[in-house]
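Welcome! Please take a moment to look over the sequence and the 3D view, and then we will walk through them together.

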Amino acid sequence: MNNLKSNRMKSKMKFIAALGVLAICISFAFKPLNDKRVIVIDAGHGGKDFGAQMDGELEKKIVENIADKISLLNGKGEIEIVLLRDDDRFIELSERVTRINKINPSLLISLHVNASKNLNENGVNAYVSRQNEFYDKS
């Protein structure tokens, strides 16, 4: 039974990683690719902040693994991937914001794997700042 749960979790991680890559591709539909783009991937939680927990799996580790996979899949062309958290350490929200603003990326992906007991709450969430020039298009 544990093996089945482990396989389900691995399948979910692969699916979420694929969604992350898809989100990166879709984001460039709104911008011309005539210069290098910087994408910051913020693997949520970390350190003392475990995030959601399910069957012994911790959100902080799942999103760290997804961020690593996306980074590994990236070619060294016109996209630079910056991992905000590449290990299991806690980063305060204010520090995350400061670091992201300093980098000034073309795109920010904040990875989370939410959990809910309500089976009707599922799927992918995407948020775009109202201050972004592409808000209406998104």
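Where is the place of Glu59? Glu59 sits in helix 2 (residues 59-73); helices (H or I, at least four residues) and strands (E, at least two) are DSSP runs, numbered from the N terminus. This is a predicted model, in which local features need pLDDT of at least 70, side-chain atom pairs count only at pLDDT 80 or more, and totals for chains, interfaces and linings use all residues. Residues are numbered from 1 along each chain as its sequence is written, and side-chain values use heavy atoms, with hydrogens and water left out.

**Confidence**
- The protein averages a pLDDT (the predictor's confidence in each residue, from 0 to 100) of 81, and 75% of the residues score at least 70.
- Confidence is highest in helix 3 (residues 93-103), with a mean of 95, and lowest in helix 1 (residues 2-27), with a mean of 60.
- Where pLDDT is low, the predicted coordinates should not be read in detail.

**Glu59**
- Leaving aside its neighbours within four places in sequence, Glu59 is in contact (heavy atoms within 4.5 Å) with residues including His45, Phe50 and His112.

**Arg89**
- You will find Arg89 in the loop between strand 4 (79-83) and helix 3.
- Arg89 counts as partly exposed because its relative accessibility is 31%, and partly exposed lies between buried (under 20% relative accessible area) and exposed (over 50%), using a 1.4 Å probe and protein chains only.
- Arg89 and Lys48 are 41 residues apart in sequence, with their C-alpha atoms 7.6 Å apart in space.
- Setting aside neighbours within four places in sequence, the contacts of Arg89 include His45, Leu84 and Arg99.
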